[in-house]
Amino acid sequence: MQLEKLFQMQKALDTHIEEKHQLQNEDLFDRKVLALLVEIGELANETRCFKFWSVKPSSAKEVILEEFVDGVHFILSLGIECGFEQKPVVLEARDSPLNATEQFLSVYEWITIFQKSRSLEDYRRIVESYFQLASLLGFKNEEIEQAYFDKNEVNYQRQQNNY
């Protein structure tokens, strides 16, 4: 995973959005945390992993991947907000002993911890936990990167169209 490249792309997008909406002097940290939590909820909803009461299948893999990448955008943005884009964040390929529902809850927990601490170690745990979720969902790093590149382009187009 080329996290350095993704950080660069996210920083450019964040700068573009902040300038366009005159947010350069705003503290956006809590809004980005909430946006990330919402995006992860949308991802969980598409996977339907927690919907024990329903027989409807999960959404198509492409839909789930796009929702996953929305979370990546905000995770990167939070890292930038805290100045972590220059710090090494290494993704170790580890399988999660948890099922998808438990892994979602773990991601939520680490985000809540990080919101209070804003520490690099807790940020790394978010990244690790989120990418363990990717593995549980069957996504490879190459797929995630390409989906990120594609969604980044869409996000610029949305800004040009006053989304």
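Guide: A helix here is a DSSP run of H or I with at least four residues, and helices are numbered from the N terminus. In those terms, Arg48 is placed in the loop between α2 and α3. The model is a predicted one.

Visitor: Why does Arg48 count as buried?

Guide: Buried means under 20% relative accessible area. Arg48 has 15% relative accessibility and therefore counts as buried.

Visitor: What makes the phi of Arg48 worth a remark?

Guide: Most residues other than glycine have a negative phi. The phi of Arg48 is near 60°, a positive value in a residue other than glycine. Gln22 also has a positive phi, near 50°.

Visitor: Where is Gln22 placed, and why is Gln22 called exposed?

Guide: Gln22 is found in the loop between α1 and α2. The word exposed is used over 50%. Gln22 stands at 67% relative accessibility, so Gln22 counts as exposed.

Visitor: What residues make the contact between α4 and α5, and how many of them are nonpolar?

Guide: From α4, the contributors include Phe104, Trp110 and Phe114, and from α5 they include Tyr123, Ile126 and Leu133. By class, the contact of α4 with α5 holds twelve nonpolar, five polar and two charged residues.

Visitor: Why is α3 also called roughly antiparallel to α5?

Guide: The angle between α3 and α5 is about 170°, with the axes 11 Å apart. Since the cut-off is over 145 degrees, α3 is therefore roughly antiparallel to α5. Among the residues in this contact are Phe68, Val72 and Ile75 of α3, and Tyr123, Tyr130 and Ala134 of α5. Its classes are eleven nonpolar, two polar and one charged residues.

Visitor: Which residues touch the most other members of the largest nonpolar core?

Guide: Within this core of 37 residues, they are Phe68, Val72, Tyr123, Tyr130 and Ile144. Two or more residues come from each of α1 (3–20), α2 (29–47), α3 (61–81), α4, α5 and α6 (141–160). The largest share, nine residues, is that of α3.

Visitor: What does Phe68 touch?

Guide: Apart from neighbours within four places in sequence, Phe68 is in contact with Leu43, Tyr130, Phe131, Ala134, Phe139 and Ile144.

Visitor: How do you know that Asn155 is buried?

Guide: The limit for buried is under 20%. The relative accessibility of Asn155 is 15%, so Asn155 counts as buried. Asn155 lies in helix α6, where, residues up to four places away in sequence not counted, Asn155 touches Leu13 and His73.

Note on methods: Residues are numbered from 1 along each chain as its sequence is written. This is a predicted model: local features need pLDDT of at least 70, side-chain atom pairs count only at pLDDT 80 or more; totals for chains, interfaces and linings use all residues. Side-chain values use heavy atoms; hydrogens and water are left out. Contact means heavy atoms within 4.5 Å. Ala, Val, Leu, Ile, Met, Phe, Trp, Tyr, Cys and Pro count as nonpolar, Asp, Glu, Lys and Arg as charged, and the others, Gly among them, as polar. A nonpolar core is a set of buried Ala, Val, Leu, Ile, Met, Phe, Trp, Tyr and Cys residues joined through side-chain atoms within 4.5 Å. Buried means under 20% relative accessible area, exposed over 50%, partly exposed in between (1.4 Å probe, protein chains only). Axes are lines fitted to C-alpha atoms, for helices over the stretch in contact, and angles run from 0 to 180 degrees between N-to-C directions. Angles under 35 degrees count as roughly parallel, over 145 as roughly antiparallel, 65 to 115 as roughly perpendicular and the rest as oblique.
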